[in-house]
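The stops below go from the whole chain to single residue pairs.

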Amino acid sequence: MESMSKAGIGRFLARQGILIAFAVFIIGFTLANGRFLSPENVMGVVRSSAILGVMALGVTFVVISGNLDLSVGSMMSFSTIVVLDLHDKIGPVLAIPAMFVMTLCLGAFIGFLVGYLKLNSLIVTLGMLSAIHGLTLTYSGGQNMDIADKEGTWFSVFGQGSALGIPVPILIFLLLAALLGIVLAKTPFGRKVYAVGGNGTAATFSGIKRARIVFLCYVMSSFCVAVAGLIQASRSLGSQNTVGQGLELDVLAAVILGGASLLGGSGTIFKTVIGVLILGFIQNGLLLVGLQFYVQFVVTWAIIILAVWLDIAAKRGKLLSTIA
Amino acid sequence: MSDQTPALRLEGIVKTFPGVRALDGVSLSVMPGEVHALMGENGAGKSTLMKVLGGIYQPQEGRIIVEEVPTVMTSPLQAKSKGIVFIHQELSLAEELTVAENIYLGELPRRSFGRVDWEKLYTQTDAILAKLKVGFNAKTIVGDLSIANQQMVEIARALTVDAKAVIFDEPTASLTDAEKVVLFDVISDLQRQGVGIIYISHRMEEIFKITDRISVLRDGSYRGTLETRNTTEEEVTQLMIGRALDLSRNESNHELGDVALEVRGLSCGHMFKDVSFDVRRGEVLGFYGLVGAGRTEIVETLFGLREPSGGKILLDGEEVRISSPADAISKGISLVPEDRKGQGLVLGMNCRDNMTLPQVGELSSGPFVAPGAETAIFDKYKEKLDIRTPGWKQTVGNLSGGNQQKIVIAKWLSMHPKVLIVDEPTRGIDVGSKSEIHNLIRDLAAQGYAVIVVSSEMPEVLHVSDRIVAMFSGRVMRTFTSEEVTEESLIQAISGITATEKVA
């Protein structure tokens, strides 16, 4: 009997562990600093999570299809630098679509390598993380990129504007989440993404063109990156070459926290939004209780590992593997 | 022989799974120095018995006795420590490592500070290899060896312990004739050293060449042991097939339609050569042959998973090229694959979504999937095929094998294919659901579908087929009609026996 209830507790922890951990964090932060749950702080967290959140939406597709995307951080730097540079050269009306086209090309290239050439997504996107970083530096000559006339451009609306009292970045995040949530849950494409990630062989045997689905997931991911780059550029109207550096891990952490399995085939856009908010609140809470900014990196990693562990543990029904 | 102590004895082994009595009081004894054949149709219980012996399954009843000592087996490794060693059909070697490292993997001889004692390792290994009289040495990289020689490495591994009994499971499946001779020499060497040998094979010729006694299993129960010297292939076959099985021939009384699929001289590398057959609407064409005879490869070629190296495929009289499964499906060829869980279903998805997966694009209204239409299809086929599940939301992985298979079949029926191919329709399915699936296949033919059934179970092929294509090592040996086929002639055809007769 004792071992039965022990197994039960293990399974419960594995399934609900993230939410329990989150609750503990929230209570701890609130006790440590009363401002944590104030409306201003909550809004602040959501706003600062918007860029990360937009990227996480795209990566959700990639992860559900059974792959990884570690290139989104450096790709976001690329989009930001390109759109800022072109803003002064060809004007914002042309700069924005031009930046989208270039970013989508990068996504298509990755999608080609992982989908059609069947290369390992971890290696491809890790390589692209570095390659795109190099591309960005080559493009900018290593210089920071700034818009010359920061006061006189409407371009700032995407990052700094607000409508109906809600900051535009949050609106974009929520609208895109709703749109992609529908694509994933309600369209044949979304269904195929789940099938490909759940069992790629069975999907192929059902006549689904696996390579095409994987390709489209990466294009989708790069589209979200372009949106994120647009918000980033618009918010600061100037940028370093490394603005997106390290974001790939935060994005991945958010997606996994939301409950998408790294093994593919499960996850939803709604859960990813929850994951983004959990990550945002934890990182914000760490700052509010007075920890150094840099502690975030350690904590984010600890969270990823916890989430992956619990995912595996939930699948095998216990916390520890019996096979050494 | 009777005054000797058996090397290994199994007594009244019973193993049941939910709904199936896989082993029903099976007994078997192997004398030291004896080669004992274990025979039976697929599904007769041979592999279950071996899994019990290897400690992978625990029997509900019965005892395993090694040299008069009752023994409980808990794992293949523990069985090995008791002197019971398995040589599997599929090799499990680390190809990058040397022969010596493979043989002593996990138990390498050590010197101080945990360093490997390479000298001792190589000397020990070469001593074992010398007994086997092989043409390679301890330092050879396993990946450089032929399959036959890799098998020798497996055997050498078995000899590192004081083996009481060695079990060979279909050891000649991937060997050439010359390599077989070497293997048989090794087996007779083991025999001389007093090791008891259980030899599992379908190949009569080998059985009669190297074994002393033959024990036969059928439907999970022990049917008798014959002295190889005093018996015939016919007697063994009789015992294997028995009369208890449902051998009622398929008596179709409906009209056959036009030829739906025609295959002419189809070849694919060395997998199969010059294969020709046709299937009419309303007909079930069975494919029967041993593992490795090329049946599954033909099916994969028809479904666009392999590219043929020659020959023609005609659908409704028109020649077609099939480039991918998606292409095959759009042309009207559907496949219920052999590996239901690996190829047929997305186990984490619900029943309905699995069933409508191939047509989710066509079912949509505007840009969205049409859940109403999907559920309608699910309800229709749930009723039609009697799929037992609480509802469409049920995750497919939670269903029984039989119900899972019905979902895969329904997946294609709802698209009304021209040709439905069913590869191993009842693999891993309990006895009750088996006959349901068989009846379903007959019904489909009666409704005018052209059906191809590939199976390695003879009763199944005999029961469902209107005609049977017998295959042996990549070739069609003969096509039988259900009136002319007999168990004996079918077994002979798939063992390659008619090959020599036909040539002569």
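Select chain B and colour by accessibility: 54% of its 504 residues count as buried, meaning under 20% relative accessible area with a 1.4 Å probe and protein chains only as cover. This is a predicted model, in which local features need pLDDT of at least 70, side-chain atom pairs count only at pLDDT 80 or more, and totals for chains, interfaces and linings use all residues; side-chain values use heavy atoms, with hydrogens and water left out. Residues are numbered from 1 along each chain as its sequence is written, while chains are lettered from A and ligands numbered from 1 in the order in which they are written.

Switch to a surface. Chain B exposes about 21400 Å², and carbon and sulfur atoms supply 49% of that area (Shrake-Rupley method, 1.4 Å probe).

Now show the charged side chains. Chain B carries 54 positive and 69 negative ones, with the centres of the two sets 3 Å apart; Lys and Arg count as positive, Asp and Glu as negative, and His and the chain ends are not counted. Each charge is placed at NZ of Lys, CZ of Arg, CG of Asp or CD of Glu.

Return to the cartoon. Chain B has 18 helices and 20 strands, taken as DSSP runs (H or I of at least four residues for helices, E of at least two for strands) and numbered from the N terminus. The radius of gyration of chain B is 25 Å, close to the 23 Å from the globule rule for 504 residues, so the chain is as compact as a globular protein of that length. That radius is taken over C-alpha atoms, and the rule is 2.2 Å times the number of residues to the power 0.38.

Next, select residues 272-280 and 318-319 of chain B, strands S12 and S15. They are the edges of an open sheet of four strands in the order S12-S11-S14-S15, with antiparallel pairing; strands pair if DSSP finds at least two bridges between them. S14(B), residues 310-315, meets S15(B) over two antiparallel bridges, and Leu314(B) has Glu319(B) as its bridge partner.

Move to S1(B), residues 8-17, which is joined by five bridges to the antiparallel S4(B), residues 61-66. What stands opposite Leu10(B) in S4(B)? Ile64(B) does.

Ile64(B) also has a bridge partner in S5(B), Thr71(B). S5(B) covers residues 69-71 and pairs with S4(B) in the antiparallel sense over three bridges. End at Glu67(B), in the hairpin of S4(B) and S5(B) with two residues between the strands: Glu67(B) takes a positive phi near 45°.

Technical notes. Buried means under 20% relative accessible area, exposed over 50%, partly exposed in between (1.4 Å probe, protein chains only).
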